[in-house]
Structure formats: C-alpha cells, structure tokens
Amino acid sequence: DAEDVVVKSKETALMSWLAQRYEQSNNVGAATELYQLAGDELALARLALLQNDIDTATSIAENGDAAVAHHVALHLESAGEAQRAMSLFTRSGMLDDAIRLAKQYGFHSEIVEVALNSDDPDQIIKCAIWLEGCGQLAKAAQLYAESGNRSKVLDLCLRMDDGGSSGVISGVGPELKELFSSIVDGIDDVTMLTDAEVSTYARRFITWGEGGRAFDFLCRSRGQYATFFASFASLCNDRGDHRLASKMFAKAGDKISSLECLIQTEDTKTIIAFAKAARVDEAYEIATTYLQTLPKWTQDGQHVSTILSFLDKARNHSKLIQVHEALARERIDESEDYEKALDLITQGASYVEKIEDVHDRATLRRHIQRQLYSVTKFLRAKKSLNQSTEPMEVFCAEAAREDGNTGRILRVEHGIKALVLQYVSAHRYQDGYDLIQAMDCPSRYIPRNIMEQVWAACNRDPREVAAIIAEDENRGDSFFASDDSKLDDGHDSITDEER
C-alpha cells in the first residue's frame with residue numbers, strides 16, 4: 001500500500017506528508033509513527049500538545065532543536081507553565097523571553113542561570129540591577145562579577161548583614177565568599193586603599209572566619225600600622241580566635257597582650273617558648289602564673305624548673321619564696337617529707353634579703369622564720385620520740401592552738417599520727433585512742449590496721465572503725481584548705497624561744 005511505498009522510499013518529506021494526512025483523519029497513532037520515522041520533532045511536539053500531553057511535548061523539546069523548544073515554550077507560557085516555558089525559552093536562545101518571564105514571576109535563581117548563558121553584557125547588567133533591586137544581593141553579585149564589575153561585587157558583599165556576633169553571613173555562600181576573597185587578593189596595589197577600605201575588608205574576612213586571610217591582607221596593605229593590627233587582634237580575641245589574636249598583637253608590637261591571648265589557647269609549649277623569646281619581666285610573670293594553674297604543677301619537674309627560671313629572670317623574689325613554700329607544702333601533703341620541705345623553705349629564705357621593699361622584706365622574713373621554726377621543731381620532736389613523747393605532745397598542743405593560721409605549712413595531724421604510732425609501740429593504747437578520737441577525719445592519717453589494733457586493745461567495738469572511715473569519706477578535707485599567698489600580716493612578733 002501507499003504507506004509501505006513511502007516508508008521504503010525513506011523520503012522524510014513524503015513520510016511527513018503522509019503523517020499529516022493521517023493526522024487530518026484523526027489517525028494519531030499512524031501519524032505519530034511516521035513523524036518518528038521522519039524525525040520530525042516539531043510535528044511530534046505539536047501533536048503531543050494537541051493531545052494535552054505537556055510532559056511528552058516538554059521532553060521532546062528538551063532534546064530537540066531551538067525551533068521545537070520555542071514552539072513548546074510559547075504553548076507552555078499560554079498554559080501558565082511559566083517555569084518550564086522559561087527553561088525552554090533559554091534552550092531556544094530566546095533569552096529576552098526567558099528573562100521577561102523570570103522577572104514577571106520572580107524566578108531569582110533561574111534568572112541568574114539565564115543571564116550567565118547570555119553573551120550580551122548589557123543583558124547581564126540589566127539582570128544584576130533587577131536582582132539588586134529585589135534585594136537578592138548575593139545573586140546580583142554573581143552577575144556583576146561575570147560582567148567584570150568587581151568594585152560592585154565588593155560593595156554588595158559589604159552591604160550584606162553579617163548576622164551579628166555569630167559570624168554567619170546572610171545570603172553569602174562559600175562561592176561568593178571565595179569570589180570576594182579572590183577579588184581582594186587580586187588588588188595589585190593594596191597600599192593605595194584607604195584606611196576605611198582596609199578596615200572594612202579585613203573585618204569582613206574575620207567575621208567570615210577567614211582570620212588568616214585578614215592577617216595576610218593587613219600585612220600586604222598596612223604592614224607597619226600597629227594600630228590596625230591591635231584593633232583587629234581585639235576583634236579576633238572577642239570572637240574566640242585567640243591564636244590569631246596573639247599573632248596580630250605580636251605584629252602590633254604588643255608582646256603582653258599577645259601572650260595573654262596565647263594563654264587562652266592553653267598551648268603550654270608555645271606559651272613557654274613565647275615568654276622566653278619576649279625577654280620581658282611581665283611576660284615571665286604571666287607565663288609563671290599560667291603554669292601554676294596547671295594540675296599538679298608542683299609534681300612536674302620541668303614546669304617547676306621553668307617557673308623558677310622565669311621568676312629569677314624577672315627578679316620577683318617574693319614569688320620565688322612563695323613557689324618554694326608551695327613546693328614544700330606539696331612534699332608535706334603528699335609524702336610527709338619534712339626534711340625536703342625544710343630544704344625548700346631554706347632555699348626560699350635565701351631570696352628574702354633581695355626584696356627591695358623594706359616592709360615586704362620584714363614581713364616575709366618573719367613568715368619564713370616561723371615556717372622554719374615550726375618545721376625544725378617538728379623534726380626534732382619526731383626524732384626524740386623514742387626517748388620521750390613530751391616534745392611532740394607539746395608541739396601538737398601548740399600547733400592545735402594555731403589551727404586558724406592558714407599560712408601554716410605543717411600538718412598537726414602528722415604530729416598526732418607520729419604520737420599514735422609511738423603510743424601503740426609502747427602499748428599506750430588508751431592515749432592513742434584518745435588522740436584518734438580528738439582528730440577530725442582520723443582515717444585520712446592513721447592507718448586502718450593501727451586504728452583496729454587500738455580499738456581492740458581498748459575493748460571498743462571494731463565496727464566503730466568502719467563507721468569512722470565511712471564518715472571521713474563523706475566529709476570534705478578541711479585540712480587542705482590553705483592559701484599559699486597568705487603571709488604573716490606583720491603584727492605578730494616571734495618569741496624569744498622561736499628566735
């Protein structure tokens with residue numbers, strides 16, 4: 001028949017002619033088949049639209065030529081399918097129509113894509129101006145950048161709200177931030193920028209969390225302007241970037257503020273190295289104060305050595321005395337090593353006469369003398385225990401009367417412990433029992449086996465020992481609530497016996 005002849009001829013014009021005849025006789029299936037064989041996409045799209053099959057028509061247009069895309073776009077616009085129509089107008093090259101629809105329906109993101117497909121700079125600028133007027137500054141900046149208007153991009157980025165202290169820039173994504181950064185980095189002679197421009201650009205970098213870029217930019221533009229670096233160092237510190245703040249303060253020549261920022265990073269190794277390099281008395285003292293806040297610093301030989309070295313370089317003899325006393329107190333509290341404690345106090349005493357202030361020197365001299373006297377007296381009483389317990393008993397009684405003196409370095413409980421152990425060895429169990437009963441938190445000092453031995457010898461209920469231990473564990477240790485910085489106020493004078 002005729003269809004076979006036309007198909008075998010492979011003449012597209014004949015196939016399209018016959019397909020139109022089928023279409024006129026409402027034989028849509030045969031018409032569609034012949035249009036497909038002829039590759040007539042426009043006719044296929046038109047036929048789909050006549051059947052209200054918009055999805056099929058759109059699919060054909062998206063894969064067809066410009067004429068098909070334009071034909072379907074016109075139909076979609078009239079059908080109210082604005083977004084699909086705009087996309088096909090773009091594909092067909094009818095960018096004016098695409099932009100018209102984008103503006104009419106407020107398709108902000110889509111108009112950027114359309115404009116970027118345009119080769120007409122004026123068209124791009126018009127779209128950028130429209131977006132700017134709509135408040136879409138980030139999208140407008142993209143188009144201004146495409147058109148080469150970099151100053152406008154910078155202006156728009158700087159007009160955007162920085163979201164307050166959070167540093168989250170409203171509407172500015174990573175790509176736009178990078179665009180802003182690349183434009184600023186690409187300025188040939190940054191020294192020609194005004195102070196206001198430099199300040200604004202650097203502040204924007206910092207609020208975006210790009211502190212490193214801000215620092216590099218300031219170094220390029222205002223390398224010798226200490227006030228700029230100091231100002232932005234404070235901003236970085238307020239925002240929690242203490243390391244960058246330290247770097248900027250150092251650039252500004254403010255070593256102390258730089259070290260104070262560095263302290264907040266708790267980078268001990270760097271803090272020590274900075275203080276050494278600074279060679280300033282105040283820096284030595286700040287680093288020393290920081291090191292003394294570290295847990296168990298008195299047990300870290302390297303930290304102790306650094307502290308003593310820094311204080312010696314700073315010639316802070318008062319603090320050197322306090323550090324030696326703190327070390328002595330740690331020896332007493334941790335291991336009851338009174339001999340080493342006495343040696344440390346003696347070392348600290350060697351700095352007393354180097355103190356320039358007469359009143360401070362006299363006050364510290366009296367304080368050290370009392371500490372040396374009490375520790376020496378304790379050691380002598382302890383050594384004489386095998387001969388007589390009276391010196392230790394007198395010592396403990398005097399120490400107990402001075403219990404309110406928080407500057408006292410020794411522990412009266414250690415003297416009581418020595419007495420109890422001596423009483424037990426001499427079978428004076430009742431005396432030992434009476435002392436233990438008079439103590440606060442006795443189980444912290446008296447070994448459990450000793451307490452049980454005393455209780456058994458005194459015919460006391462052994463369960464009392466367990467009860468005492470349980471009670472002590474639930475109580476705070478008031479004995480260790482001492483203040484290393486409290487010294488003798490100067491009103492007390494040492495007695496003839498102490499001398």
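Let's start with W297, which touches L291, Q292, H303, V304, I307, V323, A326 and L327, leaving aside residues up to four places away in sequence; contact here means heavy atoms within 4.5 Å. A quick word on the ground rules: this is a predicted model, where local features need pLDDT of at least 70 and side-chain atom pairs count only at pLDDT 80 or more, while totals for chains, interfaces and linings use all residues. Residues are numbered from 1 along each chain as its sequence is written, and side-chain values use heavy atoms, with hydrogens and water left out.

Back to our tryptophan. W297 is, with M392 and V454, among the residues with the most contacts inside the largest nonpolar core, which has 70 residues. By nonpolar core I mean buried Ala, Val, Leu, Ile, Met, Phe, Trp, Tyr and Cys residues joined through side-chain atoms within 4.5 Å; buried is under 20% relative accessible area, exposed over 50%, partly exposed in between, with a 1.4 Å probe and protein chains only. There is also a second, separate core of 68 residues, including I111, A115, Y144 and V153.

Now the helices, which are DSSP runs of H or I, at least four residues, numbered from the N terminus. Helix α20, residues 281-291, packs against α21, residues 301-314, at about 150 degrees, with axes 9 Å apart. The axes are lines fitted to C-alpha atoms over the stretch in contact, and angles run from 0 to 180 degrees between N-to-C directions. So α20 is roughly antiparallel to α21, a label for angles over 145 degrees. On the α20 side, D281, Y284, E285, A287, T288 and L291 meet residues of α21, including H303, I307 and F310.

Technical notes
Helices (H or I, at least four residues) and strands (E, at least two) are DSSP runs, numbered from the N terminus. Angles under 35 degrees count as roughly parallel, over 145 as roughly antiparallel, 65 to 115 as roughly perpendicular and the rest as oblique.
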